[in-house]
Amino acid sequence: MLAFIIRRVLQSALVLLIVGLTAFSMFRFVGDPIDNMLGQERTAMDIERLREQLGLDQSFPVQYYKFLQEAAQGNFGVSYRQGRPVAEILLERAPATLELAAVSGILAIAFGIAFGVFTAIRRDGFVANFIMSASLIGVSLPTFLIGILLIYIFSVELGWLPSFGRGETVKIGNWTTGLLTASGLKALILPSITLGLYQMTLIMRLVRSEMLEVLRQDYIRFARARGLRDRTINFRHALKNTMVPVITVIGLQVGAIIAFAIITETVFQWPGVGLLFINAVQFVDIPVMAAYLMLISVMFVGINLIVDILYFFIDPRLRVDRTGGH
């Protein structure tokens with residue numbers, strides 16, 4: 001067990017190093033931040049002085065090494081655009097993204113599993129077929145188009161929900177939340193549906209497929225022959241075995257929700273780290289871009305590491321394989 005965890009941690013660290021190297025390499029082709037930081041009346045001396053001040057005159061390996069060294073201590077440098085520590089800016093924006101991702105993830109997992117089980121048990125019913133047909137919308141339409149459609153229906157036509165922003169927020173220590181205000185809750189509805197719809201339909205279809213496969217197994221037939229109630233068979237035996245492969249996909253989708261919140265935040269002008277990254281790209285704010293990608297990578301890798309460990313405990317076959325069949 002300990003060897004399994006150590007191996008996964010080392011693999012995760014290697015992934016983070018590769019992601020950091022790839023991202024840092026890509027930033028060299030985004031543009032020169034000096035062009036945006038100095039005005040038209042700049043001189044060659046001004047350019048050289050600022051380049052030296054920012055460390056851009058050093059070689060790429062030296063820049064990357066210093067970036068990793070500082071990032072390990074939670075210091076991502078100073079934003080070229082705002083002139084403030086990047087860590088401070090991320091701490092201000094992170095609550096909005098994490099709140100949106102958490103609500104979207106809960107909705108996607110809860111409704112995805114519920115609809116998946118329902119459509120598997122009632123697979124020939126009208127409601128189940130309607131749900132499966134409607135789920136094609138979430139699978140086929142891109143996220144930004146779903147967001148625009150929801151804005152048009154519920155904000156422009158009906159006027160029920162706000163089309164942008166986070167609403168009123170409440171500050172609790174260093175954390176800001178909109179879950180404690182009416183306008184904050186209303187502002188959260190459309191973005192969370194937009195972000196979680198694709199993940200929900202994916203989870204639903206996977207749960208349905210896996211449960212239909214489990215319901216065809218011999219031990220399910222044996223349970224029916226023993227006279228067990230359908231509720232017991234479906235939820236105690238079938239659903240339990242269905243969730244083993246689904247957990248891995250759910251972990252990946254939760255990571256994807258955090259990573260791809262950038263599109264939803266752009267559509268709804270949600271003041272999170274995704275929108276911050278878009279603005280940083282436009283301004284060639286390299287410290288913010290690097291910090292964002294490393295933050296998302298750490299979250300994604302961390303979630304997958306937790307899923308791997310949970311999978312080890314949930315699936316007894318892995319434990320048997322690790323112990324050599326004993």
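This is a predicted model: local features need pLDDT of at least 70, side-chain atom pairs count only at pLDDT 80 or more; totals for chains, interfaces and linings use all residues.
Residues are numbered from 1 along each chain as its sequence is written, and side-chain values use heavy atoms, with hydrogens and water left out.

Ser 79 sits in the loop between helix H4 (60-71) and H5; helices here are DSSP runs of H or I of at least four residues, strands are runs of E of at least two, and both are numbered from the N terminus. If we leave aside neighbours within four places in sequence, Ser 79 is in contact with Arg 84, Val 86, Ile 89, Asp 285 and Val 288, contact meaning heavy atoms within 4.5 Å.

Now the chain as a whole. It contains 14 helices and 2 strands, and its C-alpha trace spans about 85 × 60 × 35 Å along the principal axes. Of the 326 residues, 40% count as buried, and among contacts between residues at least 6 apart in sequence, 69% join residues at least 24 apart.

Turning to the record, UniProt, in an unreviewed entry, has the annotation "domain: ABC transmembrane type-1" over residues 94-311; its positions are given in the numbering used here, feature names are shortened, and annotations may be inferred rather than shown by experiment. In the model, residues 94-311 are 80% helix and 3% strand, with the end C-alpha atoms 28 Å apart. The unreviewed entry also lists "transmembrane region" for several stretches, including residues 133-155 and 175-198. Over residues 133-155 the chain is 91% helix and 0% strand, and the end C-alpha atoms are 26 Å apart, whereas over residues 175-198 the chain is 71% helix and 12% strand, with 28 Å between the end C-alpha atoms.

Next, helix H5. Ile 121 belongs to this helix, which covers residues 86-121, and Ile 121 counts as partly exposed because its relative accessibility is 28%. Which residues does Ile 121 contact, once its neighbours within four places in sequence are left aside? They are Met 211, Asn 234 and Phe 235, and the C-alpha atoms of Ile 121 and Asn 234, which are 113 residues apart along the chain, are separated by 7.8 Å.

On aromatic rings, the count comes to 3 pairs, under a rule in which rings of Phe, Tyr and Trp (its six-membered ring) pair if their centres lie within 6.5 Å, with planes under 30 degrees apart counted as stacked, over 60 as edge-to-face and the rest as tilted. One of them is the tilted pair of Phe 111 and Phe 115, at 5.8 Å centre to centre and 40° between the planes. Because they are 4 residues apart in helix H5, Phe 111 and Phe 115 are separated by about one helical turn. Phe 111 is partly exposed at 40% relative accessibility, and Phe 115 is partly exposed with a relative accessible area of 29%. Phe 154 and Trp 160 also form a tilted pair, 6.2 Å centre to centre with 45° between the planes; Phe 154 is partly exposed at 26% relative accessibility, while Trp 160 is exposed at 54%.

For helix packing, H8 (residues 182-215) and H11 (residues 261-268) pack at an angle of about 145° with their axes 10 Å apart, the axes being lines fitted to C-alpha atoms, for helices over the stretch in contact, and the angles running from 0 to 180 degrees between N-to-C directions. At this contact, Leu 190, Pro 191, Thr 194 and Leu 195 in H8 meet Ala 261, Thr 264 and Phe 268 in H11.

Finally, the stretch after H11. Gln 269 lies in the loop between H11 and H12, has a positive phi near 50° in a residue other than glycine, and is partly exposed, with a relative accessible area of 41%. In helix H12 (residues 273-283), Val 273, Gly 274, Leu 275, Leu 276, Phe 277 and Ala 280 are buried, and H12 is followed by Val 284, whose phi is positive, near 55°.

Terms used:
Buried means under 20% relative accessible area, exposed over 50%, partly exposed in between (1.4 Å probe, protein chains only).
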